Amino acid sequence: MFYDGSFFVYAQRYYYHERDFGWLVFQPLHTFIEAFIAQKEHGYTSYKVVYAAWHQGLFTSTKATPEQLRIDRNRHHDLMHAGVEPKYLPMSQTRGEKGVDVALAVDALQVGLGNKIDVAVLVTGDGDFVPLVRALNKQGVRVLGAYFEFQAKDGRESFINERLLSVVNYAVDINALANDKEYKQAFKSLFRKNGDFEKSSGSDS
């Protein structure tokens, strides 16, 4: 699994602050993805997440609030507990998130070329990853696009680029699972509701 960190963080904030579902966490999402791919593929009796990486730009703490630093630290703990390898790129306040997409693509290609995975899961909606999908397909690696489609109260939208949607082998809109009878319970399991983010993210349970 290859996480576009900023894309995922936006979904986390949306579900926590606007939908009051709790914090979207990694381990149950991996379990869902394993079951979802097993339904789509028939080569093996089960599928497992064998590699997961988080790609995001890391800004300096100069303009960060104590609350933001606390949330970032807790998310980092969540990543470690779920076996997701954080791969940050140093960013400046003026440059923005430059190079993150390239780093994710290089990582996915290196893993794909190693003949150790059958399916690459891209947690993103960015159309810039179309060449990556095609390159992975050439190596015999299928690609699942996992994304969140919603509109926040401030008018901002989360979605998957149509070009990316057209080239992936499989796609799943995580947000749509909330209204799907088959997946409604699985959707609810993706969120941690027992206490706030700070209290629960440091736990091994």
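1. Start with a term. Helices and strands here are runs assigned by DSSP: a helix has at least four residues and a strand at least two, and both are numbered from the N terminus. Keep in mind that this is a predicted model. Now look at helix α3, residues 66-81. Helix α3 lies across strands β3 (53-58) and β4. The helix runs at about 140° to β4.

2. Next, the sheet. Six strands form an open sheet, and their pairing is parallel. Read across, the order is β4-β3-β1-β5-β6-β9. Which strands stand at the edges? They are β4 (85-90) and β9 (170-173). Each has a single partner strand, so one side of each is left without a neighbour in the sheet. From one strand to the next, the twist averages 20°.

3. Follow the pairing of β5 with β6. Strand β5 covers residues 119-123, and strand β6 covers residues 142-147. The two run parallel, joined by five bridges. Alanine 120 stands opposite valine 143 in β6. Valine 121 has leucine 144 of β6 as its bridge partner.

4. How does the chain get from β5 to β6? Helix α5, residues 130-138, belongs to the unit here. Together, β5, α5 and β6 make a β-α-β unit. Is that unit right-handed or left-handed? It is right-handed.

5. Stay with β6 and turn to β9. Four bridges join these two strands, which run parallel. Here alanine 146 stands opposite valine 172 in β9. Strand β6 is also mostly covered, with five of its six residues buried.

6. Which residues does proline 86 touch, leaving aside its neighbours within four places in sequence? The contacts are Trp54, His76 and Leu79. Take tryptophan 54. In sequence, tryptophan 54 and proline 86 are 32 residues apart. In space, their C-alpha atoms are 4.7 Å apart. Proline 86 is partly exposed, with a relative accessible area of 25%.

7. Now the charged pairs. Side chains of opposite charge can pair when their charged atoms come close. How many salt bridges does the model have? The count comes to five. Three of them are worth a look in the viewer, one per point below.

8. Arginine 142 and glutamate 41 form a salt bridge, with their closest N and O atoms 2.5 Å apart. The pair links distant parts of the chain, 101 residues apart. Arginine 142 is in strand β6, while glutamate 41 is in the loop between α2 (26-40) and β3. Glutamate 41 counts as buried, at 6% relative accessibility. Arginine 142 counts as partly exposed, at 25%.

9. Glutamate 67 and arginine 70 meet in another salt bridge, at 2.6 Å from N to O. Why are they separated by about one helical turn? Because they are three residues apart in helix α3. Glutamate 67 is partly exposed, with a relative accessible area of 41%. Arginine 70 is partly exposed too, with 24%.

10. Arginine 192 pairs with aspartate 78, and the closest N and O atoms of this salt bridge are 3.0 Å apart. Arginine 192 lies in strand β10 (residues 191-192), and aspartate 78 in helix α3, so the pair ties together parts that are 114 residues apart in sequence. Are these two residues buried or exposed? Both are buried.

11. Finally, check two backbone angles. Aspartate 20 has a positive phi of about 55°, although it is not a glycine. Aspartate 20 sits in the loop between α1 (5-18) and β2 (23-24). With a relative accessible area of 65%, aspartate 20 is exposed.

12. The second case is asparagine 115, also not a glycine, with a positive phi of about 55°. Where is asparagine 115 found? It is in the loop between α4 (100-113) and β5. Asparagine 115 counts as exposed, at 65% relative accessibility, because exposed means over 50%.

How values were computed. Residues are numbered from 1 along each chain as its sequence is written. This is a predicted model: local features need pLDDT of at least 70, side-chain atom pairs count only at pLDDT 80 or more; totals for chains, interfaces and linings use all residues. Side-chain values use heavy atoms; hydrogens and water are left out. Two strands pair if DSSP finds at least two bridges between them. Axes are lines fitted to C-alpha atoms, for helices over the stretch in contact, and angles run from 0 to 180 degrees between N-to-C directions. Contact means heavy atoms within 4.5 Å. Buried means under 20% relative accessible area, exposed over 50%, partly exposed in between (1.4 Å probe, protein chains only). A salt bridge is a side-chain nitrogen of Lys or Arg within 4 Å of a carboxyl oxygen of Asp or Glu. A crossover is right-handed if, with the strands pointing away from the viewer, the path from the first strand over the helix to the second runs clockwise.
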